[in-house]
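My entries follow in the order in which I made them.

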Amino acid sequence: MDFNSWNTFWDICFGVLVTLIIAANVLTIWIFFKQRRQKRTYSLLMSLAVADLLVGIFAVPFYIKAVVSQGYTWYVISIGADVFTGTTSIDTLAVISLERMFAVGWPLRHRTLNCRVYVCAISILWIIAAIFTTSVVLPMLNIIGRENSLYYIVLISGIPLIAICVANFVVWKKQKMPFHNQNHIKREVKLAKTLALITGTSLFTWLPFQILNILFTLKVTQNFHLIELTTFIIKFLQFSNSFVNVIIYPFRIPEFKRTLFQILNFCLIPFERSRNEVSPSAGTGSVVS
């Protein structure tokens, strides 16, 4: 099987990934919506889950369609969906890191923030993603020039990355200082570490594709014979970013784990009842010799 071209293997891999992304993020949105504690921080995680859900609904299927059809229209649509969801995700991760920095470094001021601040922050994230997506898609349609495309890629990747690094460094420094309200700060620091792990994992799966974009723009990959295989692997890694968060949540967030187990127990109860009802009758049967 030639893995350097699209085939059944890649169909199955990306198809399974779409199913996992959609199912996991729908479950994540519902669980975070039901939480009573940390409602404001969880609203940012819900925004991240919505962006990841759109990856499974639009970005991955559009990418498959673009690769299979080889049509330029589907290619542009795929790029637009990919850029919009990816920009929203990385910007949300940056805002989550800054919010945790504010919660750990200035807890009293953080408590005074109301829900409107979070609603405005989330709205601005999606607006910025829409503006950046437009600035990327329009040059592909020859509506505006492509001269600054590399600068756009570096800018949209660099600013959130710098914000994430600075925020996590501040959290690391602040957690080593003595606090008056130790229990509250410990809880905030624990959540900050969890979100830092999520951010690090997301960057690990997201950055290779951004590096590949820069290499494409600089025309470094023109003579690379395995470029198709490399692209498929990196795209699969990038799209898997929308699923790995759901694997981390149960291990690091007790409320998420508790609600998830309640859902699983609720789903398993009918099967347990049916099995218990069948077992006695199975044991009373006679054997005809």
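**Helix pair α1 and α2**

I note that the residues in the contact of α1 with α2 comprise 20 nonpolar, three polar and four charged. Here Ala, Val, Leu, Ile, Met, Phe, Trp, Tyr, Cys and Pro count as nonpolar, Asp, Glu, Lys and Arg as charged, and the others, Gly among them, as polar.

I then took the geometry: helix α1 (residues 8-34) packs on helix α2 (residues 39-69) at about 160°, and the axes are 9 Å apart. The axes are lines fitted to C-alpha atoms over the stretch in contact, and the angles run from 0 to 180 degrees between N-to-C directions. The two helices, α1 and α2, are therefore roughly antiparallel (over 145 degrees; under 35 is roughly parallel, 65 to 115 roughly perpendicular, the rest oblique).

**Basis of the entries**

I am working on a predicted model, in which local features need pLDDT of at least 70 and side-chain atom pairs pLDDT 80 or more, while totals for chains, interfaces and linings use all residues. Residues are numbered from 1 along each chain as its sequence is written, and side-chain values use heavy atoms, without hydrogens and water.

**Whole chain**

I counted nine helices and zero strands in the chain. Both are DSSP runs numbered from the N terminus, helices being H or I of at least four residues and strands E of at least two. Of the 289 residues, 43% count as buried (under 20% relative accessible area; exposed is over 50%, partly exposed in between, with a 1.4 Å probe and protein chains only).

**Aromatic pairs**

I searched the whole structure and got 20 aromatic pairs. A pair is two rings of Phe, Tyr or Trp (its six-membered ring) with centres within 6.5 Å; planes under 30 degrees apart are stacked, over 60 edge-to-face, the rest tilted. Phe 14 and Phe 239 are edge-to-face, because their ring centres are 6.3 Å apart and their planes stand at 80°. Phe 14 belongs to helix α1 and Phe 239 to helix α8 (residues 227-252), so this pair ties together parts 225 residues apart in sequence. I find both Phe 14 and Phe 239 buried.

The pair of Phe 58 and Phe 62 is tilted, at 5.9 Å centre to centre and 45° between the planes. Both Phe 58 and Phe 62 are in helix α2, four residues or about one turn apart. Phe 58 is partly exposed at 39% relative accessible area, and Phe 62 is partly exposed at 21%.

Which residues do ring pairs link into a cluster? I listed Trp 6, Phe 9, Trp 10, Phe 14, Tyr 63, Phe 232, Phe 236 and Phe 239.

**Lys 235**

I checked Lys 235 against rings. Its charged end sits over Tyr 63, 5.1 Å from the ring centre, and Lys 235 also lies over the face of Phe 209, at 4.0 Å from the ring centre. The criterion is NZ of Lys or CZ of Arg within 6 Å of the ring centre and within 35 degrees of the ring normal.

**Two single positions**

I located Tyr 118 in helix α5 (residues 115-140), where Tyr 118 is buried at 6% relative accessibility. Its C-alpha atom is 9.8 Å from that of Val 95, 23 residues apart along the chain.

Ile 248 is in helix α8 and is buried at 12% relative accessible area. From Ile 248 to Ile 198 I noted 7.1 Å, C-alpha to C-alpha, across 50 residues in sequence.
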